[in-house]
Amino acid sequence: MRLAILGIGPVCALGSGIQSLRTGLQGKVRPNIEEKIIPTSHGEKMLPVYQPVAEGLDRFIPKRALRRVDPFTQIALLSTYLAIEDAGIAFNDKSRVGVVFGSGYGPTRTTFKFLDNIIDDGDIGASPTHFANSVHNAPASQVSIFLGLTGPCSTITCFEHTLSNVLVTAWDWLNQDVVDYVLVGLGDEYCDVLGFAAVGMNAGRTKDMQPMNFNACTFLPGEGHITFLIAKDKSHQEGYAKISEIRMRRDLEEVKASISNDPVIINASGNLQQGKSFLKVQQKQLKSYSNLYGGFPTSSAFDLAVGCVSMKDRKIYPVPESQKKEVKLENSIICLEFCREDEFNIYKLE
Amino acid sequence: MIQKGVNVTGMGCICAAGDSVKSAMNSLYSSVRNCAAPKRIQAKLEVEYPVFEAASEIPVTDPSATRTSLLALHAVSEALEQSGLDERELKKWRVGVCLGTTVGCTLNNEPFYRDYKAGKNPNVSAIDRYLGNNAALYIADKLKCKGPTATIANACSSGTDAIGLAKSWLENNLCDIVIAGGADELSRITYLGFISLLISSTEACRPFDKNRKGLNLGEGAGIVIMEKSDVSKARGVKTLSNVVGYATFADAYHPTAPHPEGIGLTRAINQALLQAGISLEQIGFINAHGTSTQNNDEVEGRTIAKLFSDIIPTVSTKSYTGHTLGAAGGIEAVFLIQGLLDQKLPATSGFEEFDPACELNPTTSNINVSAEFALSNSLAFGGNNSALIFQGVPE
Amino acid sequence: MSLELDLKKLIIEELKIEDVEPEDIGDEDALFGEGLGLDSLDAVELVVILKKHYKIDLEDMEKARAAFASIKALAAYIRENSEVQ
C-alpha cells in the first residue's frame with residue numbers, strides 16, 4: 001500500500017501554507033531569521049535563528065478559544081488546518097480520522113515556563129495548565145479536541161527516528177482500516193535554552209547555514225510545524241505524491257543501491273556529524289533545502305514537503321543561494337534522512 | 001488453542017513492588033505496598049504526598065544514563081534473559097525497540113535550568129545527556145539493535161501504546177523481535193504537576209473506592225519481549241503469552257478529563273476485541289487503569305460495568321506501583337501476563353467501600369481465575385484511550 | 001479598589017480571557033459552565049493563583065466549588081479566610 005499525500009500545511013520561517021514554501025523554493029521569499037542574544041562565558045553572542053511566520057490561525061479558531069493553547073500547539077493547530085484546507089477535504093466521519101504527531105523536543109517554552117513557576121514562586125507555584133501543556137502529546141491532543149477527531153491519536157518522540165515512525169504508524173492505521181485519513185504532523189519549537197545549548201555545541205559560527213558544505217559546522221536552529229493529510233493511495237486522486245517506500249535504518253550500501261539515479265533530498269543542516277555520512281553517499285544529485293527552514297530534529301518533514309512540491313510541480317528546484325536553474329523532474333524523488341553514522345532512513349516519493 | 005498475534009517470550013519489571021517480576025508478584029499476592037514520602041526528590045509543600053519509589057537502588061552501570069534509562073535497562077535485562085536473548089542471539093535478528101515514557105523525553109533538567117536562569121552559564125553536557133537518553137534510542141544503542149526504534153509519548157497510555165505499535169511492526173514484518181514497554185522515573189516536575197492538578201492523594205491510593213482521594217505517583221519500568229511466532233519457534237523459546245488485540249481511540253473532549261461517557265475507551269475495547277477475534281465474554285479479567293482519581297475511576301468503572309457487567313474480575317495494580325505514567329502500560333502488561341500464567345489475581349489494595357459512581361467492585365483478596373484472555377486499559381491526558389488484549393499460554 | 005474588582009482583573013489576566021472587561025462580569029454571574037465558560041482545568045489553575053495572591057487554601061474541591069460559584073462568593077471566602085486582602 002502506498003500513502004497518498006493529499007494536503008500539506010507548513011508553518012516555518014518562510015511563512016504559513018504551502019504557497020509560502022513554494023515561493024521560498026522559487027527564491028522569491030527569504031526565510032525569517034532573527035538574531036538571538038545568547039549568553040556565554042565569554043560574553044554575549046549573536047545566534048541567527050529561523051523563526052516561523054505563523055499567520056491565519058484566527059481564520060480557523062476564535063482567539064478566545066485559544067487562551068490556554070501555548071505557542072507550539074498553536075503552530076501545530078495552524079499547520080493542521082492549513083493541510084486540510086490545502087487538500088480541500090471535509091471529513092464526513094470524524095471517528096475515522098487519525099492524528100499522529102512527532103517532535104524531538106516537544107513544547108519547550110512551556111516546559112521551561114513550568115520550571116519558571118516553581119523557581120520564581122516556589123513549589124506551590126506550579127501551574128497545572130503549564131504542566132498539561134508541556135507534555136509531548138499536547139499538540140496532537142489539542143488537534144483531536146479542536147477538530148473533534150475521535151480516531152487514534154498518538155505522539156512519537158525519537159529524534160532522527162521520529163518522521164519514519166510517524167509515517168509507519170499512519171500507514172498501519174490505514175492498512176488496518178481503522179481510519180480513512182491521517183493527519184501526520186511534525187514540528188519542533190525553539191527556545192532560549194536550546195539556543196544556549198546550540199552555541200555551547202559550536203553552532204552559530206557562520207551567519208548563514210550552508211547545508212551542502214559537509215566539512216564545516218554551519219548549523220543554525222529553526223522552528224516550525226508541518227502537517228500532511230494522508231490517505232490510502234487510490235487512482236484518480238488529487239494531491240502531491242505517493243510515498244511508495246519507507247525504509248528505516250539502512251546502511252550506506254543499501255542507500256547507494258536504492259537511490260540509483262533519482263534526485264535525493266537530504267536533511268543536512270550544517271551538522272558535521274551528518275556531513276561526514278552524507279559525503280560517503282557519493283551521489284551527484286544530492287540537494288538540501290534546510291537553509292530555508294533551519295535545523296531541528298523534525299526538519300526532515302519539511303524536506304519531505306519539498307519533495308512533494310517538486311513532484312507536483314514536476315521540477316527540481318535549485319538549492320537555495322546556488323544560482324542554478326530548475327531541472328525537470330521525471331518519475332520519483334528520494335528523501336534521505338540521517339539517523340546516525342552511516343545509517344539513514346529512505347523515503348521514496350512517486 | 002489458536003495461536004494469534006505475536007508471542008511474548010520474556011518479561012522484566014522494576015517498581016515499588018519489587019525489582020523483578022517474581023519479587024513484584026510476591027508483593028502483589030501478599031498485599032504489600034511500599035508507599036511513603038518521597039526520598040529521592042524533595043518539595044517544599046505544606047502537605048506531604050506519598051509516592052511509590054522503586055524498591056531498591058539500581059546499580060549505575062552507566063554514568064551518562066538517566067534514572068529512567070537505568071530503570072528501563074534493568075527491566076530489559078531481566079526480560080532478555082528469560083527470552084534467552086544474549087548479545088550474540090540479539091545480533092542474529094532484526095530487533096526493534098518501542099518504549100513509552102513521559103519524564104524520559106522532556107527537556108527539563110531543573111538544576112541545569114536554575115543555573116542557566118541565574119546567568120551561571122552551566123555546562124551544556126546536561127543537554128547532551130538529555131539527547132543521549134531518549135528511552136528507546138538509549139536501549140537500542142546499548143544493545144546495538146538495528147530494527148525500528150521509537151519512543152512514544154502519549155502521557156499515561158504510552159507504555160500500552162508502545163506494545164501496540166510493536167505488535168504492528170511484527171505483524172507487518174518490519175522486524176523479528178521487539179523490546180517493548182515503558183519506563184519513567186519519579187521527578188519533581190510530574191510530582192508538582194500532578195499535585196497542582198489536585199489529583200494527587202495525601203494518603204495511599206484506593207482505586208475505585210468511594211473515599212479515594214487521588215493518585216500516588218510511582219516509578220519503574222515494565223518490559224515485554226515480543227516476537228513473531230515463526231521467530232520464537234525457530235529460536236525454540238517458550239511462549240508466555242500472545243498479544244492478540246490492541247486499539248487506541250481519542251475522546252476529543254478535554255486536555256485533562258476523560259469523556260464522561262467513556263466513548264473512546266468503549267471503542268478501544270471493542271476494536272481490540274475485534275482484532276483479537278474474540279467476544280467480550282471470553283475476557284477472563286481486566287487490569288484496569290484504576291488511577292484512584294475521581295474522574296478516571298468513575299469513567300473507567302462505569303465503562304467496564306456497562307460493557308462487561310460488574311462481575312468480571314478487575315484489579316488495579318496501581319495500588320502496588322502507584323501511577324508510573326509512561327511505564328504503567330508496560331508494568332501492567334507484565335502483571336497481567338503473570339496473572340494469566342498463575343490464573344490468579346491480587347487484591348486491589350486500599351479498596352474498601354463500593355462507589356456507586358464507579359459501579360465497579362475490584363478484587364478485595366487474591367482470587368483464582370479461569371481466564372484464557374485478559375484486557376489491560378490505559379487512559380491518558382489529552383483523551384487517549386488504549387486497550388490491549390493478551391492470551392495466556394500456560395505450560 | 002474593591003476585592004471584587006481585583007478578582008475580576010486577576011481572573012481575566014491570569015486565565016487569559018479575551019475580549020472580556022472586568023465590568024462585563026457581574027458579581028453574581030456564574031464563573032464556570034455557562035457563565036464565564038471556565039472549566040475544571042481553570043478551576044485548578046485558579047486554586048494556584050488564589051494561593052499565590054491571597055494565601056488561601058482551596059485544595060478541598062468541595063470548598064472550592066462553593067467559593068467558585070461567583071465573584072461574590074469568592075470574595076466572601078477570601079474575606080473570611082485570608083489575611084492578605
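Colleague: Into which domains is chain A divided?
Modeller: Please note that the model is predicted. Chain A is divided into domain 1, residues 3–232, and domain 2, residues 244–349.

Colleague: How many Å separate the centres of domain 1 and domain 2 of chain A?
Modeller: Taken over C-alpha atoms, the two centres are separated by 21 Å. The contact takes 47 residues from domain 1 of chain A and 37 residues from domain 2 of chain A.

Colleague: Which elements supply at least two residues each on the side of domain 1 of chain A that touches domain 2 of chain A?
Modeller: In chain A these are strand S1 (3–12), helix H1 (18–25), strand S4 (43–50), helix H6 (162–176), strand S7 (181–188) and strand S8 (224–232). By class, that side of domain 1 has 27 nonpolar, 15 polar and five charged residues.

Colleague: Turning to the chains, how many residues does the contact take from chain B and from chain A?
Modeller: Chain B gives 55 residues and chain A gives 52 residues. Several elements of chain B give two or more residues to the side that touches chain A, among them helix H4 (110–117), strand S3 (149–152) and helix H10 (263–276). The residues on that side of chain B divide into 27 nonpolar, 21 polar and seven charged.

Colleague: At what angle do H3(A) and H4(B) pack?
Modeller: Helix H3 (residues 108–121) of chain A and H4(B) pack at about 75°, with their axes 11 Å apart. Angles of 65 to 115 degrees count as roughly perpendicular, and H3(A) and H4(B) are therefore roughly perpendicular to each other.

Colleague: Which residues meet there, in H3(A) and H4(B)?
Modeller: A:Phe112, A:Leu115 and A:Ile119 of H3(A) meet B:Glu110, B:Tyr113, B:Arg114 and B:Lys117 of H4(B). By class, this contact has four nonpolar, no polar and three charged residues.

Colleague: And chain B as a whole: how many helices and strands are there?
Modeller: Chain B has 13 helices and twelve strands. Its radius of gyration is 20 Å, close to the 21 Å that the globule rule gives for 395 residues, so chain B is as compact as a globular protein of that length. Buried residues make up 64% of the 395 residues in chain B.

Methods. Residues numbered from 1 in each chain as written. Chains lettered and ligands numbered in written order. Predicted model: local features only at pLDDT ≥ 70, side-chain atom pairs only at ≥ 80, totals over all residues. Contact = placed C-beta atoms within 7 Å. Helix = DSSP H or I, 4+ residues; strand = E, 2+ residues; numbered from the N terminus. Nonpolar A, V, L, I, M, F, W, Y, C, P; charged D, E, K, R; others polar. Axes fitted to C-alpha atoms, helices over the stretch in contact; angles between N-to-C directions. Parallel < 35°, antiparallel > 145°, perpendicular 65-115°, else oblique. Domains from an automatic or database assignment. Rg over C-alpha atoms; globule rule 2.2 N^0.38 Å. Buried ≥ 20, exposed ≤ 12 C-beta atoms within 10 Å, placed from the backbone.
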